[in-house]
Amino acid sequence: MKIATWNVNSLKVRLPHLLQWLDANPVDVLCIQETKLTDDKFPAAEINAAGYQVVFSGQKTYNGVAILSRQPLTDVVRNNPHYADEQQRLLAATSGGIRVICAYVPNGQAVGSDKYAYKLDWLAALRTWVEEEMARHPAFAILGDYNIAPQDRDVHDPQEWAGQIHCSAPERAALGALSGLGLADAFRLFEQPDKQYSWWDYRQLAFRRNRGLRIDHILLSRTLAARCSACTIDREPRKWEQPSDHAPVVATLD
DNA sequence: ATGGCCAGACCTTCTGGA
């Protein structure tokens, strides 16, 4: 089976891309972020018609997450029970025996800002919840936009980004604390070409120049990491007209 | 020159993203 994550940056604008991508890439589970839609506006019928069950948790203008699945979704949980948050960034469900969390980690804006403090608090609380979920579900995956580049090799220009948002030591430590629960970055289970990114700024022809960051990740429990035979970033939809600034990441589980 | 693009809100200009 295949599981994937994609920050679509407005599902209203990107629904045609989502359907086009699913048609070419009929993954079993897809986590999407930044839907930017209230639940009454969520295009469930169009997604159902494409052969997917879907659960979603949205709000106006910002954030919003959804899980699409070919198999039924059960035991749905919205938001982190350990962290009161009006922002809709987390959704959990079980599909095909796998416990999945879809995560849209706060951006953080700038190191030292209020939003940065929120990002770190949010990540600390996420760890507590993930630890619980993993204890209950050995087959566990958390997929999403982490807004953190784990290492300098995940950054097009590590000197330019050194210490900056997405690359600061506390952010990387918070991601490391999640990994410390026994989660593996699926992408790094395999030999990969250099300069593989999942996000590119809309400005300055950043995509054409491959000036990007790898900030979208699939983290797998040991049980699932043992089943994982591939993990790739699909740059194709970033080339389409009016694209999301993020690319999908796909993991194959045997 | 610290900008540049994009999406969405209530416009002709802002916030947030990363």
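Analyst: A residue is called buried under 20% relative accessible area, exposed over 50%, and partly exposed in between (1.4 Å probe, protein chains only). This is a predicted model, in which local features need pLDDT of at least 70, side-chain atom pairs count only at pLDDT 80 or more, and totals for chains, interfaces and linings use all residues. Residues are numbered from 1 along each chain as its sequence is written, chains are lettered from A and ligands numbered from 1 in the order in which they are written, and side-chain values use heavy atoms, leaving out hydrogens and water.

User: How many salt bridges does the structure hold?

Analyst: Side chains of opposite charge can pair when their charged atoms come close. A salt bridge here is a side-chain nitrogen of Lys or Arg within 4 Å of a carboxyl oxygen of Asp or Glu. The structure holds twelve.

User: Which residue forms a salt bridge with Asp 152?

Analyst: Asp 152 pairs with Arg 172, their closest N and O atoms being 3.1 Å apart. Arg 172 counts as partly exposed because its relative accessible area is 22%. Asp 152 is also partly exposed, at 42% relative accessibility.

User: How far apart are the closest N and O atoms of Asp 154 and Arg 188?

Analyst: In this salt bridge the distance is 2.6 Å. The two residues lie 34 residues apart in the chain. Asp 154 has a relative accessible area of 0% and is therefore buried, whereas Arg 188 is partly exposed at 24%. Through shared partners, salt bridges join Asp 154, Asp 185, Arg 188 and Arg 214 into one network.

User: Are Glu 133 and Arg 99 buried or exposed?

Analyst: Both Glu 133 and Arg 99 are buried. They form a salt bridge whose closest N and O atoms are 2.8 Å apart.

Key:
Helix = DSSP H or I, 4+ residues; strand = E, 2+ residues; numbered from the N terminus.
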